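Welcome! Please take a moment to look over the sequence and the model, and then let us walk through some of the details together.

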Amino acid sequence: MNKRFSEHVENKKNLFIPFIVAGDPDNETTIELALKLESAGADAIELGIPYSDPLADGPVIQAASARALKKGMTLEKAITLVSSMRKKGLKIPVVIFTYYNLLLQLGLERFFALMSENDVDGLLVPDLPFEESEELRKKCKAENITYISLVAPTTSEVRLKEIVSEAQGFLYCVSSLGVTGTRSEFHPSVYTFLTNVRKYAKIPVAVGFGVSQPEQIEQLKDHCDGVIVGSAIVKQIGERENKLLKEETRMEALEEVFQYVCSLTEPNRRLVNDRR
Amino acid sequence: MSVTLPNEKGRFGQFGGKFVPETLMQALEELESSLKDAIQDELFKSQLEEELHQYAGRTTPLTYAENCTSELGGAKIYLKREDLNHTGAHKINNAIGQALLAKRMGKHKIVAETGAGQHGVASATVAARFGLECKVFMGEEDMRRQALNVFRMQLLGAEVVPVASGSKTLKDATNEAIRYWVSNVEDTFYLIGSVVGPHPYPMMVREFQRIIGDETKKQFLEVDGKLPDLIVACVGGGSNAIGMFFPFIEDDVSLVGVEAAGKGIATGMHAATIAKGRLGVIHGSMTYLLQNEAGQIQEPYSISAGLDYPGIGPEHAYLAETGRVHYTSATDEEALNALKFLSQTEGIIPAIESAHALAEAFKRAKEMDKNESIVVCLSGRGDKDVHTLMEKMGGKS
């Protein structure tokens, strides 16, 4: 496993993994946000690559993608942002979250060269199911990049065993059917589903899709090893687009987002502190 | 040339496959096994046949376009009249097949996407016929262009959901339909209208549309005692074309698919995916795709709402790569001229989609011998396009 993953994610409980879109609304914000999220207790960061047709995403992340695309963000440019984050002291792992077409166009060779040049730790491709990801998983293993796998409440037991046997880093469990976005209810079978996943998983089990409130995190805490929060944070960023784009107001807006993220992680804070 | 494709991974050569979020994988596996089961079931087959004959109005005629032929002075032109199907296009063949399958699988809700509205109308129609709840996603721009079809769907009891994202056309309607399907996959059947999407859709839609080519072959042999020399069909996603071509793949017949060149391929305002697309992934399938350098999907353009799709069925991509089918394109203007010509020589107003195929057929007929024959798939009728035609031609022709 990738070194940063083994230090920051492996064998950990109460993981907090935020998701942001690269270049939303601009590069400076993305770099500063990563650092803020780390200081708010993030154990790893998912860096979403904006795409014109993000099938697995709901309106909040679609809008963020549109904002970043307007600024000319690409997969290539997004990967280089990770170097800038590291230069400013970011220590936790960064996972690139990209739709397959973007990766295909950049080309596997160029993609992996960029990942290693820029110190990226993980990869997640939401529209590449297990059957189609073999080549990429092999390549990740060879390059010491952690390939993150997803499982859903609709995943059959047979598939689950197969996916889990190859999974690395943490297992991304989709809380509900549907696209990314905040929701008040999870899939009715979410707890049975998580219990089942944990029965097979040897790596931390993290829950994403729709996690937006401290109470939800509290409810899920005993059934998983961590949460992934995307749309709820991205929404905060979207609401502050203009402030974030201006240098004189950027820090203030970032501080507001930081406060919001801290309020999310607060119930876990004691635990976070305990284990550190 | 192999007609045993796709393989077990849903691939036609390098094209096809399943590129979807994990949430949908179970539904695709379930669909795959239900389909396999259904097409071997005599009861399902006879039910499908019965509906196609007694409800959709098949067999559709093969009309000899005598006036066209004598005016152009070359090869004999025949039209496979999919426009005479119930609801006015070939789309009903597939919609009936998938709706029967949905019922068999115990799904009571269907979701569909539509561009020109023909597939939406077909979906709404079969939903009414088989007692299914139906939701149709449609781009706002297409809703404007195809207001008549929007009303028809509503009249049939379907809910038409406007899509305001992207170019507000078929690509965006498809994105939204997939998003809806991911959220409701446990009780909803996604009725895809073309030979696109993840496996097994391209194969399934082909199987429900191959009746076009199967009938054509039989009919043509009856009138001419041999096979035609050339078959032409329009290609957006490519369902009427694959339905027409597939039964002829192993025969000595030239096959030509016609894409929409819009305002001209050089202008960038077109939907000519095979001519200008690069290998990529769209809506669950690996195929040729109109995209920019970085891999962002480009908005296609065509006067015809049924052809402006940035991807193409993976089997067409394969047939293009292997050279078995030749793909070319016709501009808006060429299609409109062909539309006028057919209307005034034969008294048939074709859909603008089909007029793209006619444009190519008319061009080729002149260069061919009188003893040779061309069959054009007349995929749909032009009633739905009258509004667009009036705007374009100023109410005159």
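## A pair of facing residues

Let us begin with two residues in chain A: Y172(A) stands opposite A206(A), which belongs to strand β8(A). Please keep in mind that this is a predicted model.

The strands around this spot run parallel: β7 of chain A, covering residues 171-174, is joined by four bridges to β8 of chain A, covering residues 205-208.

## The sheet of chain A

Stepping back, you can find β7 and β8 within an open sheet of nine strands in chain A. Going across it, the order is β5-β4-β3-β2-β1-β9-β8-β7-β6, and the pairing is parallel. At the edges sit β5 (146-147) and β6 (149-151) of chain A, each of which pairs on one side only.

A helix joins the picture here too. Helix α11 of chain A, made of residues 231-239, lies across β1 (15-21) and β9 (226-229) of chain A. Its direction is at about 45 degrees to β1(A).

## A buried serine

Now look for S65(A) in helix α3 of chain A, which spans residues 59-70. Is this serine buried or exposed? S65(A) has a relative accessible area of 3%, so it counts as buried, the cut-off being under 20%. Setting aside neighbours within four places in sequence, S65(A) is in contact with V21(A), P50(A) and Y51(A).

## An annotated lysine in chain B

You will find K91(B) in helix α4 of chain B, residues 91-104.

K91(B) is also buried, because its relative accessible area is 15% and the cut-off is under 20%. Which residues does K91(B) touch, leaving aside its neighbours within four places in sequence? The contacts are Q118(B), H119(B), A122(B), G193(B), S194(B), Q209(B) and S239(B).

## Where the chains meet

Finally, let us see how the two chains come together. On the chain B side, 34 residues are in contact with 35 residues of chain A. The area buried between the chains is about 2800 Å², with carbon and sulfur atoms giving 51% of it. Within chain B, the residues that lose the most area to chain A are E22(B), R179(B) and Q296(B), together 25% of what that side buries.

Charged side chains meet here as well: four salt bridges are found across the interface of chain B and chain A. There is also a salt bridge between the side chains of D53(A) and K171(B), at 2.9 Å from N to O.

Notes:
Residues numbered from 1 in each chain as written. Chains lettered and ligands numbered in written order. Predicted model: local features only at pLDDT ≥ 70, side-chain atom pairs only at ≥ 80, totals over all residues. Heavy atoms only, no water. Buried < 20%, exposed > 50% of the residue type's maximum accessible area, 1.4 Å probe, protein only. Contact = heavy atoms within 4.5 Å. Pairing = 2+ DSSP bridges. Axes fitted to C-alpha atoms, helices over the stretch in contact; angles between N-to-C directions. Buried area = accessible area lost by both parts, 1.4 Å probe.
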